[in-house]
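Here is a short report on one chain.

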Amino acid sequence: MNKTIPRMTVITLGVADLARATAFYRDIFSTPPITQYEGVTFIPLPGVWLSLYPLEKLAEDIAEDVRLSAPHTFRGVTLAYNARSREEITSIFARAADAGAQIAKAPQATSWGGRPRGAGADETR
């Protein structure tokens, strides 16, 4: 019997400006990006890699008739960063803002008792 281990190895984000997105996520994660392959950036993170790829090319890769949503609309996708402390949450939100993110929701306590959470919009899309 073949047992497959469920896992996610790469999350790809379609971006409007690859250089800007690369700089943004490099600054957020404080991780050197892999840029040796033309037209794509990889950012290795524990357990998963973040891939940045031009939005139009990503859509073409999916199918010829894929329709792109209007810029600055919510696309139904979020990325989570699980911090170890309130101070780390404050720090990551400050880094995101410094890198150009629009803070859509400042960190605040959750209704289910978890650590405070907030939301930011990646302005590189």
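## Contacts and basis

Of the chain's contacts between residues at least 6 apart in sequence, 47% link residues at least 24 apart. Contact means heavy atoms within 4.5 Å.

The model is predicted: local features need pLDDT of at least 70, side-chain atom pairs count only at pLDDT 80 or more, and totals for chains, interfaces and linings use all residues. Residues are numbered from 1 along each chain as its sequence is written, and side-chain values use heavy atoms, with hydrogens and water left out.

## Fold and surface

The chain has three helices and five strands. Their order from the N terminus is β-α-β-β-α-α-β-β. Helices (H or I, at least four residues) and strands (E, at least two) are DSSP runs, numbered from the N terminus.

The chain holds 125 residues, and 27% of them are buried. Buried means under 20% relative accessible area, exposed over 50%, and partly exposed in between (1.4 Å probe, protein chains only).

## The H1–H3 pair

Helix H1 (residues 18–29) packs with helix H3 (residues 86–98) at about 160°. Their axes lie 9 Å apart. Axes are lines fitted to C-alpha atoms, for helices over the stretch in contact, and angles run from 0 to 180 degrees between N-to-C directions. H1 and H3 are therefore roughly antiparallel (over 145 degrees).

From H1, the contact uses Phe 24, Asp 27, Ile 28 and Phe 29; from H3, Ile 92, Arg 95 and Ala 96. By class, that is five nonpolar, no polar and two charged residues. Ala, Val, Leu, Ile, Met, Phe, Trp, Tyr, Cys and Pro count as nonpolar, Asp, Glu, Lys and Arg as charged, and the others, Gly among them, as polar.

## Ser 30

Ser 30 sits in the loop between H1 and strand S2 (41–45). Its phi is positive, about 50°, although Ser 30 is not a glycine. Ser 30 counts as exposed because its relative accessibility is 55%.

Note on methods:
Parallel < 35°, antiparallel > 145°, perpendicular 65-115°, else oblique.
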